[in-house]
Amino acid sequence: MLVSHALAGGLVLGFLLVSLLSQWPRLAVLWCLLLLNVAYRHYRISRLTPTPLPPQLENLRNQTLLMKKGGLTFSAMSFGSSARSHAIILLHGFPDNPTSFRYQIPALVKAGYRVIVPTMRGYEPSSQSQTGSDNDYSLTELSSDIIAWGERLRESGVKTLHILGHDWGSSTACVGVYRRPDLFSSLILLSVPHTGNFARFGILLQPLQVFMSWYAILFYSFRAMETVFTWGNFTMMSLLWKSWSPNFSLTPTEWKSLVETFSQPGVTSAALAYYRANFSPLNGFLPQQFSPILLPTLSIAGREDGAIHSSLHEPLHSDYGTFSQTIVENVLVEDAGHFVHIEKPVQVNEFILQWLCKRDGKL
């Protein structure tokens, strides 16, 4: 009720300001549109009801883990018995949430793994802050969160720990395994290649990547992008999903889950802060502590990816010595885009399970 009164008061004040600005019609129109967008967003948020777990996960035993780090609290979904000695961490990307792995979790649990799916920093109000290192969204700090999860799992008795990331989760995993190769047994990258090599050589190898990264330049350059991203019913988020995975459409329930995530206070600002903390239009992704990867690595990408050109994965993982001290396998999935693990789950699961079986044997 208080929110409704505050919103109503804000609208009244807004229209009073518009009347004062009537001598500048264009400015008045823009102000009205902004106020209507804010009002519509509050209306949509007020009508949201919590989305249950995806049907693929409903029958799986799970628990919510909490981790305090600095002044922040992080959560993660845990599937499979805590007594299992083999585990895998799954890191979601943007614009997404932990349910991104709804097709991978059941297959991994069935194969004998304990599956941990953290909510990435900033994607829940409890892991946001406005001050100090807690407000740091650099890959170094993001990887520290994942290292903390890894240490906790090792201390609980996990003997073999793999890490899989998609999009920003992939970039975070790269830095995490570089900093603490002793914690992890292998690395699986979905859709995003080794981020250090991508920053240094991606545009040189494929100039079209400049145009494919248009959104990153906007997110870095304009603070107003939070408003643009949430305009209407998250029209820009819908545009990104459609352009990155042109042959795929989310179900209404899947879309509702994303809207619910990004409607939480501060989540959109935090998600865009990833780009501002790590991306420069001149230098690409800032290579923070990127050195050769020492762990066996599997890279899976969709050939129709609209965010990162599919021709980059093979050379970025083969030609620059980054993986010269270990094994790397590159897989391109036909008729799939950026969200390859959702678009082609059967194929992607098969690649992942075959990879893990090579490392751990059949559990």
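Author: The protein chain has 14 helices and ten strands, where helices (H or I, at least four residues) and strands (E, at least two) are DSSP runs numbered from the N terminus. This is a predicted model, in which local features need pLDDT of at least 70, side-chain atom pairs count only at pLDDT 80 or more, and totals for chains, interfaces and linings use all residues. Residues are numbered from 1 along each chain as its sequence is written, and side-chain values use heavy atoms, with hydrogens and water left out.

Reader: How many residues of α4 are buried?

Author: Buried means under 20% relative accessible area, exposed over 50%, and partly exposed in between (1.4 Å probe, protein chains only). In α4, 13 of the 17 residues are buried, so this helix is largely enclosed by the rest of the structure. For the protein chain, buried residues make up 53% of the 363 residues.

Reader: What span does α4 reach from its first C-alpha to its last?

Author: The expected span of a helix is 1.5 Å times one less than its number of residues. Helix α4, residues 139-155, reaches 24 Å, close to the 24 Å expected, and just after α4, Gly 157 takes a positive phi of about 110°.

Reader: Is Phe 211 buried or exposed, and in which helix is its place?

Author: Phe 211 is exposed, with a relative accessible area of 62%, and its place is in helix α7, residues 209-212.

Reader: What share of the contacts in the protein chain with a separation of 6 or more comes from residues 24 or more positions apart?

Author: Contact means heavy atoms within 4.5 Å, and residues 24 or more positions apart account for 77% of those contacts.
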